[in-house]
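Subject: Structure handover

Hello,

I am passing this structure on to you. Please open it first, then read the notes below.

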Amino acid sequence: MRSPFFGNMEQAQLPGHFALQNSKMLRVHLNGDVLARQGSMVAFQGQMDFDYEGSGGVGRFLKKAITGEGVPTMRVRGQGLLFLAHNADDIHLFYLENETLTVNGANILAWDPHLHSDIQRVQGAGVMAGGLFNTTLTGTGWVAITAHGTPVLLDPGRAPTFVDGQSAVCWSGGLHVGVNKTFKAGALIGRGSGEALQLAFQGQGFVLVQASEGPTVPQHTH
């Protein structure tokens, strides 16, 4: 896997499909199609068509209905330059080389359409726990993700690693991922959001953690 996080993005001749216009805007050199978060287009130059992307069959539709995962997606076809952004969040690039990347659906910005995508549940998590369903992307190609604030890249191979479920942006496919069940019930609610999970990572790989739990809900003063 290649990414500026690993310092190996410039070491290979990668297809010049995705590039950062700046830290908060993705530039896609489009000559065909790309999948992107619906509503993320801020500008384009050239000839392009924008279509809502279906849920990919009854099975995936049911998964999305049950999990709440799966950001509305658009397929962009055409030729030219496409500029994408989301809430001025920082954008980070990964290039998969026949690998799997698991991404929190709220952090997906764009990806190559020939990557296989699926929605999977973290083992040991009940349906009602919330936030435990994530999107996996497998194959060879580009993935652009967003992060709120400057993220940190953690190596679970150094020590067991625990991450707030909404702060985990993405992680490599080889990790063992579970749920930390050592919390007392009263400590499970995060910032009044109803969030009730902490992901536990072990193995060789990485997990990218953003400096936020994502969009917050209004807080009650006491």
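Here is what turned up, from the whole chain down to single residues.

Please keep in mind that this is a predicted model.

The whole chain. The protein chain has 222 residues, and 45% of them count as buried. Its secondary structure comes to 1 helix and 14 strands. The accessible surface is about 11300 Å². Carbon and sulfur atoms account for 53% of that surface.

An open sheet. Look next at a sheet of 3 strands, in the order β10-β13-β12. The sheet is open, and its pairing is antiparallel. Strands β10 (161-164) and β12 (176-179) stand at the edges. Each has a single partner strand, so one side of each is left without a neighbour in the sheet. From one strand to the next, the twist averages 30°.

Strand β13 covers residues 198-202 and pairs with β12 over 4 bridges. The two run in the antiparallel sense.

Met41 is found in strand β3, which covers residues 41-52. Buried means under 20% and exposed means over 50%, so a value in between is called partly exposed.

Best wishes

Notes:
Residues are numbered from 1 along each chain as its sequence is written. This is a predicted model: local features need pLDDT of at least 70, side-chain atom pairs count only at pLDDT 80 or more; totals for chains, interfaces and linings use all residues. Side-chain values use heavy atoms; hydrogens and water are left out. Two strands pair if DSSP finds at least two bridges between them. Axes are lines fitted to C-alpha atoms, for helices over the stretch in contact, and angles run from 0 to 180 degrees between N-to-C directions. Buried means under 20% relative accessible area, exposed over 50%, partly exposed in between (1.4 Å probe, protein chains only). Accessible areas come from the Shrake-Rupley method with a 1.4 Å probe; for residues, only the protein chains shown count as cover.
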